[in-house]
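Keep the viewer open as you read.

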Amino acid sequence: MGISHYIKDIGRGARGARAVTRVQAQDLLGQVLDGQVTDLEIGAFCIAMRIKGESADEMGGFLDALHARSRKFAASTRPTVVLPSYNGARRLPVLTPLLALLLAREGLPVLLHGMRTEARRVLASDVLEALGIPATHAPQDASVELPAIAAGTIAHIATGELQPGLARLLAVREVIGLRNPGHSAAKLYIPCAGPSVLVTSYTHPEYASMLQECLQAQGASALLSRGLEGEVVADPRRSPRYDGFVHGAHRVLQEQQPGTASEVAGLPEAIDVATTADYTRRVLAGELPVPEAIAQQVAFILQIVQALEAAPESTPRRPASDGVQP
């Protein structure tokens with residue numbers, strides 16, 4: 001089969017490139033995930049999409065392909081909060097584990113999935129292991145569904161155990177040095193059955209509108225904001241814009257607030273695993289305050305969870321203008 005005919009459309013440069021349809025995008029990424037295309041085609045696909053950028057329809061098709069091939073956790077008794085974690089720490093401590101533990105403390109099942117995509121960053125999964133929370137491993141039998149995540153607990157799992165093809169695509173970055181559509185899809189990836197709240201983010205503002213459109217089209221329940229060095233947790237020094245979604249219905253929960261805090265009480269300068277784990281323990285124990293920006297993010301996630309629990313899953317998705325009904 002091959003994907004060269006798709007590359008002819010998407011690979012004509014920033015001005016001449018044409019987007020493929022959602023169905024075509026599903027077929028394209030499906031072939032990539034299934035290992036049916038050559039390394040040369042994958043490289044061409046990654047570079048072409050990096051220049052062109054993904055449309056919401058294309059991203060919808062990529063997610064269709066990904067979810068159709070993914071292993072999933074069984075539905076939990078409450079909506080599962082999904083935290084994609086693919087960047088880790090570079091200049092500030094990785095606080096995604098703190099966000100996960102604060103949500104679990106609120107009685108929610110939390111799923112963190114991710115893998116290393118840059119060699120020298122500290123990963124959220126490393127910090128969770130240092131805190132005594134071991135990684136979850138999928139059963140060898142691919143037909144066996146992963147168990148439900150208990151309310152008030154965290155599961156963290158490597159991408160390759162859920163979808164090996166996605167892990168291979170993400171690893172292309174190590175060779176060509178650029179992100180690819182796999183990185184965008186991973187931020188929207190929900191590998192669990194039943195109700196869920198996706199916490200996702202963008203680094204570059206131009207991606208915000210595409211992600212909003214995609215979340216609405218998917219009928220997703222999610223919290224979208226600008227992230228911290230590519231992680232979905234809020235930057236503890238700032239208060240960003242938050243967009244909330246319940247069954248695809250969209251509402252701006254908060255506009256971006258001006259200013260950047262010069263310091264955050266107790267936040268360490270070092271970003272290594274041991275220091276970050278110790279800081280996380282002390283915050284959870286009440287020895288240090290929860291950063292205000294992260295407490296605010298937790299509150300918005302809880303608002304979406306409550307709205308999702310109040311709205312039956314069979315309720316038709318409302319138009320975006322109707323807003324979120326908390």
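What is the volume of the largest pocket? In this predicted model, the figure comes out at about 870 Å³. A total of 33 residues line the largest pocket, and those closest to its centre are Y202, T203, H204, E229 and G230. If you'd rather think in elements, helix 11 (181–187), strand 4 and helix 12 are the ones that give two or more residues to this lining. Helix 11 gives the most, with three residues.

Rolling a probe the size of a water molecule over the atoms shows where empty space is left. Here, two cavities of 30 Å³ or more turn up, and the largest cavity holds about 50 Å³ of space. Its lining is made up of S85, Y86, N87, G88, L112, G114, M115, L123, A124, S125 and E231. At least two of the lining residues come from strand 2 (110–114), and at least two from helix 7 (124–130).

Seven strands make an open sheet with mixed pairing, and their order is 3-2-1-4-5-6-7. At the edges sit strand 3 (154–158) and strand 7 (249–254), each of which pairs on one side only.

Strands of a sheet pair through backbone hydrogen bonds, either parallel or antiparallel. Strand 6 (residues 242–246) and strand 7 run antiparallel, joined by five bridges. To find one of these in the viewer, pick F245: its bridge partner in strand 7 is H250.

Helix 12 (residues 206–218) touches strand 4 (196–202), strand 5 (222–226), strand 6 and strand 7, and its direction makes about 165° with that of strand 4. Helix 14 (residues 292–310) also packs on the sheet, with contacts to strand 1 (80–85), strand 4, strand 5, strand 6 and strand 7. Its direction makes about 20° with that of strand 6.

Back to helix 12 for a moment: which of its residues are buried? They are Y207, A208, M210, L211, Q212, C214, L215 and Q216. After helix 12 comes G219, with a positive phi near 65°.

What about the nonpolar packing? In soluble globular proteins, nonpolar side chains tend to be buried together. The largest nonpolar core has 56 residues, and V32, F45 and F73 touch the most other members. Leaving aside neighbours within four places in sequence, the contacts of F73 include L111, L146, I149, I157 and L162, along with the polar T136 and E145. A second, separate core of 49 residues includes L95, L108, L228 and V264.

One last stop is Y189, in the loop between helix 11 and strand 4. Is Y189 buried or exposed? Y189 counts as buried because its relative accessibility is 0%, where the cut-off for buried is under 20%. Not counting residues up to four places away in sequence, Y189 touches L63, L66, H67, S70, R71, V82, Y86, H113, L162, Q163, L166 and L198. For a sense of scale, Y189 and V127 are 22 Å apart in space, C-alpha to C-alpha, and 62 residues apart in sequence.

Technical notes. Residues numbered from 1 in each chain as written. Predicted model: local features only at pLDDT ≥ 70, side-chain atom pairs only at ≥ 80, totals over all residues. Heavy atoms only, no water. Pairing = 2+ DSSP bridges. Helix = DSSP H or I, 4+ residues; strand = E, 2+ residues; numbered from the N terminus. Contact = heavy atoms within 4.5 Å. Axes fitted to C-alpha atoms, helices over the stretch in contact; angles between N-to-C directions. Core = buried A, V, L, I, M, F, W, Y, C linked by side-chain atoms within 4.5 Å. Buried < 20%, exposed > 50% of the residue type's maximum accessible area, 1.4 Å probe, protein only. 1 Å grid on protein atoms, 1.4 Å probe; cavity = no way out; pocket = protein on both sides within 12 Å on 5 of 7 lines; lining within 4 Å. Points joined across faces, edges and corners; volume = space filled by probe spheres on them.
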